[in-house]
Structures are given as structure tokens and as C-alpha cells.
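Here is a short tour of one structure, written to be read with the model open beside it.

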Amino acid sequence: MKEKVGFIGLGIMGQGMAHNILKAGFPLTVWNRTAARMAPLVGAGAAAARSPADCAAQTTIIITCVSDTPDVKQVILGENGVIYAAAPGSLVIDMSTISPQVTQQVAAALAAKGVQMLDAPISGGSEGAAKGTLSIMVGGEASQVERARPVLQAMGQKITHVGGAGAGQMVKLVNQIVVVGTMLAVAEGLLFAQAGELDLDKTIEAIAGGAAGSWMLSNRGTQAIADDWRPGFTIDLQQKDLKLVLEAAASLGIPLLGTSLIHNLYRTLQARGLGQEGNHALLKALEYLAGRRGGD
Ligand code: NAP
């Protein structure tokens, strides 16, 4: 039986992911809080639902990709939420980045209704979402991961089952620690290169293929030197993830010195009203500190 897929949350990531599910040939029903964002998908052949519950009622696999922990609770457990209409035996896949603990609570609430859940957060940016090349880290039961695999393969290149419920979100937090640490290193390197009056394009070209190469350098470093601060991933969402990381580290009793520092650097950008810029604007925080950038 071909699964009927529902997709809730057509933001920067959800748009590309939902389009790729359609392209893979799955019947698709979509719902987005701001209804206008459903239009491109409907134009491409998807059906529009009236609510998350309506979306769940029409489908067997329901994907959510919304902003934050309370938003996932809202669309799954809240008024007109997925839980009120999902048939027993159906599967919810949450691809947002949210609290691992709350993920386990939502999975338990769904399980009480006979509905399965996987946490399957993503990495690879808006580019990866559009191209279908995301990395997907999956927590939950192995049999459900296998059931979900064809749908996940429509969106991602690397699908890794990392453990039970909540484990996908924990691995995603590891991903975020590495992402922002890399971003800080890229930003410091570029600040140094600017101050040394180097050709910034040549600098990136020279180092991208060596040991300093990274996705952040090639994608976001090049955007930063072009003075292009449009978000692949906004600073506000980045901060949401770093808060999740630091809360989890506190409950594990471990120090995360670098991540705390970067969280505070991003806070200075939020205080300047730049929370909707891309996370590569970390370079700006260093430029302000160095006296190399005036007020925005
Ligand atoms: P985004 O562009 O801001 O989109 C957020 C989506 O969530 C929108 O569809 C929004 O609906 C919906 N939403 C938020 N709160 C809601 C609520 N209470 N009820 C219903 N819908 C709600 O964000 P994004 O960049 O696509 O990110 C989505 C998730 O993927 C986040 O958890 C993020 O951390 C994660 N992620 C993002 C990236 C990236 O590079 N962008 C990479 C990996 C993971 P409206 O249209 O009505 O606002």
C-alpha cells in the first residue's frame, strides 16, 4: 500500500521537503498556519487541509516541520491537532528541532491512541531541503523507521537510525554544537582575512578544499563575504536550538564553554534587531567587537 503523506509546516525547510515528496510520487496533503504558503504546493498537485487534524484524517504518515517545541505540541496535541484525527496505526514524523524530553512525551501521548511517532530532525540547510539532500537523524522503533524510509529518502540523502524516541533530537543537538562552532571559526577566519586586506573570495577558494573545508565555509562563508545576510537558517531559530543544547547540557551536568559563548554573541545580534538574518551574520558580531562595522 502506498502511504498517503501529510505535511504540516511549509516554511523555509518544509516548502522544499514537501515538493520533493510530491516529486517522488506520494499523494500529499498539506497544511500551513499561514494559508497562502500552501499555494505553491497545491499548484504542484497537493491537496490543502483545513487544520492539522484534517490533514491527519486524510493521511497515513503525517510529517511536522514547524519552529519550536510549543509549536509541535500545538499542531499535534493542541486544538484541532493531529492526535484528534490520526487513525490507529498511522505514523507521525516530527522533523522540527525540539526538546528531546518533550518529544518523548508527545510520542507517549500518541502511543496511547495507537499512533506511532519518529523524531527525524534534519541538517543541510534550505539548499538541502530544496535539493532533497538532507541528513536525517531518526529516533524511534526500527520497524517504523523502515516504514518511513521511502518517504525520508524523498527528502534526504543520509538517513541514520540513531536510537529510540528522542535520540534523533539529541543527535541533532550534537549537530548544532558542531555547526555553530564551525561558524565561529569561519567568522574569525574571515575577520582576520578582512583585517589583513586579503582577497576574500580567493581566501575561501584556497582553503575550502583542504583541512579547513566545511559546508558552513563553502555555503555561508561565501554568502557572508558577498554581504548577503538572507537566512538559510535564522539567528532566532539558531538561538532556539542553542537554548535546547544548553538546557540539555545543564541536565547532563557538562560544561559547553564554546557553545555558551556563541549563544551570547548571537544575543548581541538579536539585541540589534537582527534575529531574522541568517546565522552566518555571526561575522557581524565579531566585526562590531573589532570596531570594523558601524551601527546597522
Ligand atoms: P520557518 O521558515 O520559520 O518556518 C516555520 C514553519 O512553522 C512555518 O510553516 C510556520 O507557519 C510554522 N509554525 C510555527 N509555529 C507554528 C504554530 N504554533 N502552529 C502552526 N504552525 C507553526 O522555519 P524553518 O527554517 O523552515 O525551520 C523549521 C524547523 O526545521 C525548525 O525546527 C528548525 O529549527 C528546523 N531546521 C531548519 C533548518 C534551516 O536551515 N532553516 C535546518 C535544519 C533544521 P507560518 O507560515 O504560519 O509562520
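Predicted model: local features only at pLDDT ≥ 70, side-chain atom pairs only at ≥ 80, totals over all residues.

Residues are numbered from 1 along each chain as its sequence is written, and side-chain values use heavy atoms, with hydrogens and water left out.

Two packed helices are described by the angle between their axes and the distance between the axes. Here, axes are lines fitted to C-alpha atoms, for helices over the stretch in contact, with angles from 0 to 180 degrees between N-to-C directions. Helices are DSSP runs (H or I, at least four residues), numbered from the N terminus.

| Pair | Residues of the partner | Angle | Axis distance |
|---|---|---|---|
| H8 and H10 | 215–225 | roughly 45° | within 10 Å |
| H8 and H11 | 235–252 | roughly 115° | within 10 Å |
| H8 and H12 | 257–271 | about 65° | 10 Å |

Let's begin with H12. Helix H8 spans residues 167–195 and packs against H12 at about 65°, which makes H8 roughly perpendicular to H12 (65 to 115 degrees; under 35 counts as roughly parallel, over 145 as roughly antiparallel, and the rest as oblique). The crossing is left-handed, meaning that the near helix is turned anticlockwise from the far one by less than a right angle (clockwise is right-handed). In this contact (heavy atoms within 4.5 Å), H8 contributes Ile-177, Val-180, Gly-181, Met-183 and Leu-184, and H12 contributes Thr-259, Leu-261, Ile-262, Leu-265 and Tyr-266. These residues divide into 8 nonpolar, 2 polar and no charged. In this scheme Ala, Val, Leu, Ile, Met, Phe, Trp, Tyr, Cys and Pro count as nonpolar, Asp, Glu, Lys and Arg as charged, and the others, Gly among them, as polar.

With H10, the crossing angle is roughly 45°, so H8 and H10 are oblique to each other. This crossing is right-handed. From H8 come Val-179, Thr-182, Met-183, Val-186 and Leu-190, which meet Met-216, Leu-217, Arg-220, Gly-221, Ala-224 and Ile-225 of H10. The tally for this contact is 8 nonpolar, 2 polar and 1 charged.

H11 crosses H8 at roughly 115°, and therefore H8 is roughly perpendicular to H11. H8 passes H11 in a left-handed crossing. Among the H8 residues in this contact are Met-170, Lys-172 and Gln-176, and the H11 side includes Gln-238, Asp-241 and Leu-252. Here the residues divide into 10 nonpolar, 2 polar and 2 charged.

Ala-167 also belongs to H8. Ala-167 and Gly-139 are 28 residues apart in sequence, yet their C-alpha atoms are 4.8 Å apart.

**The ligand site**

Which residues come nearest to the ligand? Of the 26 residues around the ligand (a heavy atom within 4 Å), these are Asn-32, Thr-34, Arg-37, Gly-232 and Lys-240. A side-chain N or O atom of Thr-34 is 2.5 Å from a ligand oxygen. Gly-232 places a backbone N or O atom 2.7 Å from a ligand nitrogen. For Thr-97, a polar backbone atom is 3.0 Å from an oxygen atom of the ligand.

Conventions:
Helix = DSSP H or I, 4+ residues; strand = E, 2+ residues; numbered from the N terminus. Polar contact = N/O pair within 3.5 Å; in protein donor to acceptor, adjacent residues only side chain to side chain.
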